[in-house]
Amino acid sequence: MNYKHSCVVDAKFIYKTLVLVLLTQADQGEEQEWKVQNYTHAEGEQLIDTAPPIMRPHAGAAGFVSPKWDSDTSAWIEAATEEEVEAWEAEHPDPNAKTLEELRVDKETEISDACNTAIVAGMDVETSQGTEHFALQETDQINLTTALSAVETGVAGYPYHADGQLCRMFTREEIEAIAKASIQHKLYHTTLCNHLLTWARRAETAEELGGITYSADNLPEDLATNMAQVLAAATAMSA
């Protein structure tokens, strides 16, 4: 082969460009030599016979911002500092990245879906059989409302069943306890959902949105305080 491609690096071994190098025809009595085509070396620059580094096209993509040849490992390494990379990415945003408003819509959907999942998953209630779990799918909520209405008319019990259990007669007190627990369960999650949605709607950065999870543990102080006050007031009214 009478040609090759080589990488040009500067005096600090920072990658500059890829060049074509041809093996010239030699005159009689002279040796052939490699000559760079269409490029003039600056002072201190040299050729490295290796594959060129993968350059980062935009933020979020793989590759180097400022590749440097490391002769000890015979590999390209990143010469840019973290601050320089961040500045470069700010100037070269990902063209496929979602806008803040698109991310906000996604986060609101995520929160709402998590709330619904938590509600229908149900809750544990102490009954005459010990701790039993009761799901709150839509049909479960309808059946529980029917059972509560029945015992409120004065009947002593009503047929119902815990998750995975056979139907049995539940006492009026048990039905009332399950109904009360379901109200508290739904109240907690709808209140949490409301406060998380409020946080998502006022978030100012993608990073802040990304840090919002379906939990009360990391609510901002003002929202956490308000949520606690609302739940306390609701509990006091239902006592």
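Helices (H or I, at least four residues) and strands (E, at least two) are DSSP runs, numbered from the N terminus. By that definition, the protein chain of this predicted model holds 6 helices and 10 strands. With the radius of gyration taken over C-alpha atoms, and the globule rule being 2.2 Å times the number of residues to the power 0.38, the chain has a radius of 34 Å, well over the 18 Å that the rule gives for 239 residues, so it is more spread out than a compact globule. Along the principal axes, the C-alpha atoms fill a box of roughly 115 × 40 × 30 Å.

Residues are numbered from 1 along each chain as its sequence is written. Local features need pLDDT of at least 70 and side-chain atom pairs count only at pLDDT 80 or more, while totals for chains, interfaces and linings use all residues, and side-chain values use heavy atoms, with hydrogens and water left out.

Of the 239 residues in the protein chain, 31% are buried, where buried means under 20% relative accessible area, exposed over 50%, and partly exposed in between (1.4 Å probe, protein chains only). In soluble globular proteins, nonpolar side chains tend to be buried together. A nonpolar core is here a set of buried Ala, Val, Leu, Ile, Met, Phe, Trp, Tyr and Cys residues joined through side-chain atoms within 4.5 Å. The largest such core has 16 residues, of which Ile111, Leu196, Trp199, Ile212 and Leu219 touch the most other members. The elements that give two or more residues to this core are helix H2 (100–121), helix H4 (172–202) and helix H6 (221–238), and H4 gives the most, with 6 residues. Leu196, leaving aside its neighbours within four places in sequence, is in contact (heavy atoms within 4.5 Å) with Ile111, Ile212, Thr213, Tyr214, Ser215 and Leu219. A second, separate core of 13 residues includes Val125, Leu144, Val151 and Phe170.

Helix H6 is also the place of Ala224, which counts as partly exposed at 29% relative accessibility. The C-alpha atoms of Ala224 and His195 are separated by 8.1 Å, although these residues are 29 apart along the chain.

Most residues other than glycine have a negative phi. Phe13, in the loop between strand S1 (3–9) and strand S2 (15–23), has a positive phi near 70 degrees, and is partly exposed, with a relative accessible area of 28%. Ser74, in the loop between strand S5 (67–70) and strand S6 (75–78), has a positive phi near 55 degrees, and counts as exposed at 52% relative accessibility.
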